[in-house]
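Dear colleague,

I am passing on the structure we spoke about, placed just below, and my notes on it follow. Please read them with the coordinates open beside you.

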Amino acid sequence: MTSYTFISKSPNETHAFSKRLAGYLFPGTVITLEGDLGAGKTTFTKGLAEGLGITRTVNSPTFTIIKEYEGRLKLYHMDVYRVEDEFEELGFDEYFSSDGVSVVEWAHLIEGQLPDQRLDIQLYHAENQARRLELKPVGRKYEQICEVFFHENPID
Ligand SMILES: Nc1ncnc2c1ncn2[C@@H]1O[C@H](COP(=O)(O)OP(=O)(O)OP(=O)(O)O)[C@@H](O)[C@H]1O
Ligand SMILES: [Mg+2]
């Protein structure tokens with residue numbers, strides 16, 4: 001399976017990266033974000049939101065689990081850190097099968113409810129302030145997004 005790596009040297013670079021990626025997403029996109037505390041999952045989501053034309057401020061939804069924003073596509077920002085049961089019924093399925101874009105921080109905690117096809121992104125702390133982002137598309141549509149995105153936005 002192909003995966004793609006992007007090294008971000010600052011919060012701004014992470015933000016700019018996801019903002020640009022937003023232009024390649026389709027209705028019903030599901031993105032999972034995994035990474036330690038402070039790895040940049042919410043920073044990534046903020047950039048994505050801006051790229052979707054969302055003007056409202058995106059905050060970490062820790063206490064609400066799911067937050068919804070209006071943009072070119074709707075954004076469903078989920079942080080499932082506090083979900084205690086992998087199969088807790090919070091209506092995830094409806095979001096994942098909607099026309100919006102779902103972004104799930106700590107997605108492995110609801111592994112059993114995730115759709116088969118999605119874009120999995122791991123964020124790792126690297127040296128200094130850097131972060132390493134590893135994107136793994138699962139399914140043809142997601143492979144295509146990544147192919148086109150990295151073709152049009154080559155990483156040096
Ligand atoms: N290259 C980078 N990319 C993203 N964030 C960075 C980077 N370098 C430093 N940071 C800082 O790391 C922090 C990332 O916080 P953020 O809330 O995005 O992480 P998170 O993964 O969502 O954390 P949590 O698990 O608590 O939800 C911010 O304070 C940001 O300024
Ligand atoms: Mg966060």
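Asp120 and Arg118 form a salt bridge in which the closest N and O atoms are 2.8 Å apart, a salt bridge being a side-chain nitrogen of Lys or Arg within 4 Å of a carboxyl oxygen of Asp or Glu. Asp120 counts as buried at 19% relative accessibility, and Arg118 is buried as well, with a relative accessible area of 13%; here buried means under 20% relative accessible area, exposed over 50% and partly exposed in between, computed with a 1.4 Å probe on protein chains only.

Please bear in mind that this is a predicted model, in which local features need pLDDT of at least 70 and side-chain atom pairs count only at pLDDT 80 or more, while totals for chains, interfaces and linings use all residues. Residues are numbered from 1 along each chain as its sequence is written, chains are lettered from A and ligands numbered from 1 in the order in which they are written, and side-chain values use heavy atoms, with hydrogens and water left out.

Across the whole structure the search finds nine salt bridges. One of them joins Lys74 to Glu68, with 3.0 Å between the closest N and O atoms; Lys74 is partly exposed at 28% relative accessibility, and Glu68 is partly exposed at 38%. Another links Arg140 with Glu147, where the closest N and O atoms are 3.6 Å apart. Salt bridges that share partners also join Glu68, Glu70 and Lys74 into one network.

The metal site may interest you next. The magnesium ion (ligand 2) is coordinated by Thr42 through OG1 and by Glu105 through OE, at 2.1 to 2.3 Å; donors are N, O and S atoms within 2.8 Å of the metal (3.2 Å for Na, K and Ca), and as water is not among the atoms, sites may look incomplete. Because Thr42 lies in helix α2 (residues 41-51) and Glu105 in strand β5 (residues 101-105), the pair ties together parts that are 63 residues apart in sequence; helices (H or I, at least four residues) and strands (E, at least two) are DSSP runs, numbered from the N terminus. Thr42 is buried at 17% relative accessibility, and Glu105 is buried at 3%.

The side chain of Glu105 does make a polar contact of 2.7 Å with that of His77, and the side chain of Lys41, a residue of helix α2, reaches the backbone oxygen of Asp36 at 3.1 Å. A polar contact is a pair of N or O atoms within 3.5 Å; within protein, one must be able to donate a hydrogen and the other to accept it, and residues adjacent in sequence count only if both atoms are side-chain atoms.

Two backbone angles deserve a look. Ile65, in the loop between α2 and β3 (66-69), has a positive phi of about 70° although it is not a glycine, and Ile65 is buried at 15% relative accessibility. Trp106, in the loop between β5 and β6, has a positive phi near 60° and is likewise not a glycine; Trp106 is buried at 14%.
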